[in-house]
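Hi,

Here is the structure I promised to pass on to you. Have a look at it first, and then read on for my notes.

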Amino acid sequence: MKKWHHQKGMTAIGWMLVLGIIAFFTLITLRMVPLYLEFSKVAATLESLKEQPNIGQQTKSEIIKIVRKRFDVNDVRNVDPKLIKVSKDRGMMKVGIHYERREHLVGNVDIVTTFDKQIKVAAN
């Protein structure tokens with residue numbers, strides 16, 4: 001009969017637990033990565049407004065129209081351009097977006113992520 005201190009390795013139940021934990025975190029990663037990739041496209045769209053000529057003189061509806069076109073080009077389908085907030089203060093124009101995305105994980109469990117991005121441009 002073998003003694004306990006000579007035995008090595010994990011049991012089948014131990015391996016099942018380790019594999020279950022790995023699968024759980026893989027599922028979370030697969031659900032969250034597209035949300036962050038989409039936010040990077042939204043942030044890049046807002047940053048690209050800084051290079052837009054005369055952006056500081058545009059109205060809110062014109063800025064939303066520009067953003068909508070860029071969202072179409074960048075294939076951003078789950079973020080509404082109407083969420084864009086535009087405000088002018090002391091010669092600076094702030095263009096920002098704040099939104100939340102909900103992604104189904106498993107059963108009745110969802111992942112909720114909140115994104116916020118704001119840029120400042122001269123409002124000459």
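Predicted model: local features only at pLDDT ≥ 70, side-chain atom pairs only at ≥ 80, totals over all residues.

Let's begin with the strands. Strand E2 covers residues 92-106 and strand E3 covers residues 109-122; the two pair in the antiparallel sense, over 14 bridges. Together E2 and E3 make a hairpin, with two residues between them. In that turn, Gly107 has a positive phi of about 60 degrees.

Now for the rings. How many aromatic pairs are there? The count is five. One of them is formed by Phe39 and Phe115: the ring centres are 4.8 Å apart and the planes are at 15 degrees, which is under the 30 degrees cut-off, so this pair is stacked. It links distant parts of the chain, as Phe39 sits in helix H1 (residues 12-48) and Phe115 in strand E3, 76 residues apart.

Are these two residues buried or exposed? Phe39 is buried because its relative accessible area, 18%, is under 20%. Phe115 is buried too, at 4%.

Phe115 also pairs with Tyr99: here the centres are 5.3 Å apart and the planes are at 35 degrees, so the pair is tilted. Tyr99 lies in strand E2 and Phe115 in strand E3, so this pair ties together parts that are 16 residues apart in sequence. Tyr99 is buried, with a relative accessible area of 5%.

Finally, Tyr36, Phe39, Tyr99 and Phe115 form one aromatic cluster.

Best wishes

Conventions. Residues numbered from 1 in each chain as written. Heavy atoms only, no water. Pairing = 2+ DSSP bridges. Helix = DSSP H or I, 4+ residues; strand = E, 2+ residues; numbered from the N terminus. Phe/Tyr/Trp six-rings, centres within 6.5 Å; stacked < 30°, edge-to-face > 60°. Buried < 20%, exposed > 50% of the residue type's maximum accessible area, 1.4 Å probe, protein only.
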